[in-house]
Amino acid sequence: MLRRCLLLAAPGILLLRGARAQAPDWPRRPVRVVVPFAAGSSSDTVARQVMARAQEHLGGQVVIENRAGAGGLIASQAVARAEPDGYTLLWSGGTAITQAVMQRNPGYDWARDFTPITQIGEQPAVLCVRQAAPWRDAAALLAACRESRDGLRYGSGGVGTPAHMAAAAMLKLIGAQGVHVPYRGANQAALAVEQGEVDWSFAISNIAVPRAQDGLIRILVTGGARRMPVMPDVPTLAEVVQGGPVVTSIASLVGPANLPPAVVARIHAAVRQAVQGDAPLRESLVRDGGEIILSPSPAAYAEKWPEEHQRLLRLVQLSGVTVE
């Protein structure tokens, strides 16, 4: 069963009205949501879907700004340094944590320089190969990785992305080598698998599942904690590799430190109401293997941030991926 932490619509409406009353003058101009990856990426797609609905409840315009580069570090730095007025937010706050773990000097403190607002959901990373590849299941691909003298070529949406770390962690755990080929984004990496430029790749499910359903690629493994209901025969990474980590892309919103509590409550309530009140949006979020996980309050999401840090820290340590 999909885990959907959705509250009833009526309390959401009351919370939204209360938050609006506490912040009557906000927003007076467009709210900028910075996405740390390229347009068309998994994060970008979900951010645009959710925030297009949320702006209807905010009472103001939301503008998506793609600031790709350095695995999300550029976007994270920009938001950490922004004015805490609610007009600059960061999508996918886990990116800020990941880069803080990987970088010697990220330019911010992940626990001090951000205000967690809400989680929306998550998408698992999945391992895919081209449809014509000789490996029909995970065991065959893992054997080929071990047997390859120079290492099979694997793609990702960039150095330090969850897809890159998932692949590197898997190879380390099975004692194999690989040749990493980074691309500018998840779509480009998935296309490289289709065209045979690389042998395999991890990609976020909402990028990979539609391609698999169209017969362009084959999905052999999911990085989620559970098998995907949309593809129940695909095993998890932990099932095929002992100690395999959970690798997901978490959809969330954070802002700079010291955001006014009334503004935080307003944003949280608008996002929650947007998801609760739009059945097509909810269906879209879960259609390709994702889960809806709405934080019941900003404080509840803030409490989960240390847990998210530990999960990402383990992934970075397992992968051995570092960035100078």
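Asn 258 is exposed, with a relative accessible area of 67%; exposed means over 50%, buried under 20%, and partly exposed in between, using a 1.4 Å probe and protein chains only. Asn 258 sits in the loop between strand 9 (248-256) and helix 10 (261-276). Its phi is near 70°, a positive value in a residue other than glycine. Helices (H or I, at least four residues) and strands (E, at least two) are DSSP runs, numbered from the N terminus.

The model is predicted, so local features need pLDDT of at least 70 and side-chain atom pairs count only at pLDDT 80 or more, while totals for chains, interfaces and linings use all residues. Residues are numbered from 1 along each chain as its sequence is written, and side-chain values use heavy atoms, with hydrogens and water left out.

## The whole protein

The protein has twelve helices and ten strands. Its C-alpha trace spans about 65 × 40 × 30 Å along the principal axes. The radius of gyration is 19 Å, which agrees with the value near 20 Å that a compact globule of 324 residues would have. This radius is taken over C-alpha atoms, and the globule rule is 2.2 Å times the number of residues to the power 0.38.

Of the 324 residues, 59% are buried. The accessible surface comes to about 13300 Å², and carbon and sulfur atoms account for 51% of that surface; such areas come from the Shrake-Rupley method with a 1.4 Å probe, and for residues only the protein chains shown count as cover.

Contact means heavy atoms within 4.5 Å. Among contacts between residues at least 6 apart in sequence, 79% join residues at least 24 apart.

The protein carries 31 positive and 26 negative charges, and their mean positions are 2 Å apart. Lys and Arg count as positive and Asp and Glu as negative, while His and the chain ends are not counted. Each charge is placed at NZ of Lys, CZ of Arg, CG of Asp or CD of Glu.

## Helix 5

Helix 5 covers residues 138-147, and its buried residues are Ala 138, Leu 141, Leu 142, Ala 144 and Cys 145. Seen down the helix axis, these buried residues fall within an arc of 160°, so they line one face of helix 5. The arc is that of the directions from the helix axis to the C-beta atoms. An α-helix has 3.6 residues a turn, so residues three or four places apart point the same way.

The buried residues of helix 5 pack against several elements, including strand 4 (114-130), strand 5 (152-156) and helix 6 (162-174). Strand 7 (200-204), strand 8 (217-222) and helix 9 (237-240) are also among these partners. On the other side of helix 5, Ala 139 and Glu 147 are exposed.

| Residue | Relative accessibility | Class |
|---|---|---|
| Val 126 | 0% | buried |
| Ser 92 | 5% | buried |
| Thr 95 | 8% | buried |
| Ser 249 | 13% | buried |

Val 126 is in strand 4. Leaving out residues up to four places away in sequence, Val 126 touches Ser 201, Phe 202, Ala 203, Ser 205, Ala 208, Ile 219, Val 221, Thr 222 and Met 228. Val 126 and Leu 237 are 111 residues apart in sequence, and their C-alpha atoms are 8.7 Å apart in space.

Ser 92 belongs to the loop between strand 3 (88-91) and helix 4 (94-102). Beyond its neighbours within four places in sequence, Ser 92 is in contact with Pro 36, Ser 43, Ile 250 and Ser 252. Ser 92 and Ala 302 are 210 residues apart in sequence and 14 Å apart in space, C-alpha to C-alpha.

Thr 95 lies in helix 4. With neighbours within four places set aside, the contacts of Thr 95 are Pro 36, Phe 37, Gly 71, Gly 72, Ser 76 and Tyr 108.

Ser 249 lies in strand 9. Not counting residues up to four places away, Ser 249 touches Ser 43, Gly 121, Glu 122, Gln 123 and Ile 204.

## Backbone details

Ala 70 has a positive phi of about 55° although it is not a glycine. Ala 70 lies in the loop between strand 2 (62-66) and helix 3 (73-80) and is partly exposed, at 45% relative accessibility.

The peptide bond from Trp 26 to Pro 27 is cis, with omega near 0°. Pro 27 is in the loop between helix 1 (9-22) and strand 1 (31-35).
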